[in-house]
Amino acid sequence: MKQALSGKERAELHRALPEGFLQIDAAFHEHAGRLAQAAAGHDGELVAFYSYRLMDGCIRCHATYASGKFPGFGKPAGQGHRH
Ligand code: HEC
């Protein structure tokens with residue numbers, strides 16, 4: 001894709017998005033990249049680990065920033081989790 005946003009537009013977009021959203025988004029992309037690396041390296045255990053981290057990112061972000069769309073996600077994931 002060609003540079004669709006100018007530097008100024010990009011700065012405006014980042015101002016409009018809350019800091020927490022950008023952090024979750026950045027972590028999400030990081031985990032997605034590591035998951036791809038683990039899969040390429042045929043490391044099943046690492047794939048499982050980063051799959052979990054990735055799904056946790058979906059849930060955390062939706063619970064915080066899309067609760068209207070996903071009303072079931074009242075609390076952040078991971079709380080009260082027991083084995
Ligand atoms: C950094 C934040 C963030 C992450 C991470 C994220 N989402 Fe979302 N997602 C959103 C927001 C915000 C909306 C609500 C958009 C709206 O209101 O239309 C949404 C909406 C959705 C929807 C509903 C789309 C619709 O048309 O109603 C689905 C399905 C979805 N996300 C799946 C996922 C999955 C699966 C993952 C993980 C693999 C994920 N998302 C990760 C922020 C995120």
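How many helices and how many strands are there in the protein? There are 3 helices and 0 strands, and read along the sequence the pattern is α-α-α. The model is a predicted one. It holds a ligand with an iron atom, for which His62 is the single donor from the protein.

**Overall fold**

- Of the 83 residues in the protein, 14% are buried.
- Taking contacts between residues at least 6 apart in sequence, 33% join residues at least 24 apart.

**Iron site**

- The donor atom is NE2 of His62, and it is 1.9 Å away from the iron atom of the ligand.
- His62 belongs to helix H3, which covers residues 44–65.
- The side chain of His62 also has an N or O atom 2.7 Å from a nitrogen atom of the ligand.

**Shell around the ligand**

- The residues that surround the ligand are Phe21, Asp25, Phe28, Gly57, Cys58, Cys61, His62, Tyr65, Ala66, Lys69 and Phe70.
- By class, the shell divides into 7 nonpolar, 2 polar and 2 charged residues.
- Helix H3 gives the most to this shell, with 5 residues.
- Helices H2 and H3 each supply at least two residues of the shell.
- An N or O atom in the side chain of Lys69 is 3.1 Å from an oxygen atom of the ligand.

**Helix H2**

- Helix H2 runs over residues 19–40 and has 22 residues.
- From first C-alpha to last, H2 reaches 32 Å, close to the 32 Å expected at 1.5 Å a residue.
- The buried residues in H2 include Leu22, Ile24, His31, Leu35 and Ala38.
- Helix H1 (7–16) and H3 are among the elements that cover the buried residues of H2.
- After H2 comes His42, whose phi is positive, near 55 degrees.

**His31**

- His31 is placed in helix H2.
- His31 counts as buried because its relative accessible area is 13%, where buried means under 20%.
- With neighbours within four places in sequence left aside, His31 is in contact with Tyr50, Arg53 and Leu54.

Technical notes: Residues numbered from 1 in each chain as written. Predicted model: local features only at pLDDT ≥ 70, side-chain atom pairs only at ≥ 80, totals over all residues. Heavy atoms only, no water. Donors = N, O, S within 2.8 Å, 3.2 Å for Na, K, Ca; no water. Helix = DSSP H or I, 4+ residues; strand = E, 2+ residues; numbered from the N terminus. Expected span 1.5 Å × (residues − 1). Buried < 20%, exposed > 50% of the residue type's maximum accessible area, 1.4 Å probe, protein only. Contact = heavy atoms within 4.5 Å. Near = heavy atom within 4 Å. Polar contact = N/O pair within 3.5 Å; in protein donor to acceptor, adjacent residues only side chain to side chain. Nonpolar A, V, L, I, M, F, W, Y, C, P; charged D, E, K, R; others polar.
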